[in-house]
Amino acid sequence: MSSLVRLNIKGISYSQTQSGAYALVLSEVDGSRTLPIVIGAFEAQSIAIALEKEIKPPRPLTHDLFKTFADRFHIVIKQVIIHKLVDGIFFSSLICERDKIEEIIDTRTSDAIALAIRFNAPIFTYENILDQAGIYLKMKDDLTAENDTLSIENLIDEPKKESSFSNDTLKQLNEKLNDAIQKENYELAAKIRDEINKRT
């Protein structure tokens, strides 16, 4: 088996190939290759929310529930390994531990990543999978710190429209932000938060 390579989460964008899907981009920690993985909208939102510290869902999402459940029963996810690629589909495993006993659980890669963030668990893949599916970044200079952080607004990778909040006061914006979070409309919440940040 080829050696393990550690990956970071680089970002999420709309999938160019599948309508309604997203591309989760992982990048190798000690190199310039990236691994794009097509994931569904729910998983994309769950991953973005886990990385977005400012926006807390009023009720736990499925992956948050899994984390609470695991914590309650003293199960820790030690690491995630993307171990196989068949016909463009990535297969992953959760390496879990309870009472010093290790278990390996089969999982979809999108779920594995959403959980890895919540458990602060490292993500790995094998060198041969990166060789097969990795994309070399040609423009390293363009990778600014801004591109390295993933937030919910990265899910809205559409052309920037004129802000629709320009007539709102800061107080109104804060009220709208709270309302959007209560209604679990995180895309809108992210847009309102950006408008608030622009003004403060």
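A residue is called buried when its relative accessible area is under 20%, exposed when it is over 50%, and partly exposed in between (1.4 Å probe, protein chains only). By this rule Glu43 is buried, with a relative accessible area of 8%.

The model on the screen is predicted: local features need pLDDT of at least 70, side-chain atom pairs count only at pLDDT 80 or more, and totals for chains, interfaces and linings use all residues. Residues are numbered from 1 along each chain as its sequence is written, and side-chain values use heavy atoms, with hydrogens and water left out.

**The whole chain**

Begin by displaying the chain as a cartoon. The secondary structure comes to seven helices and eight strands; helices (H or I, at least four residues) and strands (E, at least two) are DSSP runs, numbered from the N terminus. Of the 200 residues, 42% count as buried. Contact means heavy atoms within 4.5 Å. Among contacts between residues at least 6 apart in sequence, 57% join residues at least 24 apart.

Side chains of opposite charge can pair when their charged atoms come close. A salt bridge is a side-chain nitrogen of Lys or Arg within 4 Å of a carboxyl oxygen of Asp or Glu, and the count by this rule is twelve. In the salt bridge between Glu43 and Arg108, the closest N and O atoms are 2.5 Å apart. Glu43 lies in helix 1 (residues 41–51) and Arg108 in strand 6 (residues 101–108), so this pair ties together parts that are 65 residues apart in sequence. Arg108 is partly exposed, at 47% relative accessibility.

Is Asp111 buried or exposed? Asp111 is buried, with a relative accessible area of 18%.

**Strands 4 and 5**

Next, select Glu97 and Lys78. These two form a salt bridge whose closest N and O atoms are 3.9 Å apart. Glu97 is in strand 5 (residues 89–98) and Lys78 in strand 4 (residues 76–86), 19 residues apart, and the pair links distant parts of the chain. Glu97 is partly exposed at 26%, and Lys78 is partly exposed at 39% relative accessibility.

Move to Ser93, which is also placed in strand 5. Ser93 counts as buried, at 10% relative accessibility. Which side chain does Ser93 join through a polar contact of 3.2 Å? The partner is His83; a polar contact is a pair of N or O atoms within 3.5 Å, where within protein one must be able to donate a hydrogen and the other to accept it, and residues adjacent in sequence count only if both atoms are side-chain atoms. Leaving aside residues up to four places away in sequence, Ser93 touches several residues, including Val80, Ile81, Ile104 and Thr107.

**Rings**

Finally, select Phe69 and Phe73. Rings of Phe, Tyr and Trp (its six-membered ring) pair if their centres lie within 6.5 Å; planes under 30 degrees apart count as stacked, over 60 as edge-to-face and the rest as tilted. The count by this rule is one aromatic pair. Phe69 and Phe73 form a tilted pair, 5.0 Å centre to centre with 45 degrees between the planes.
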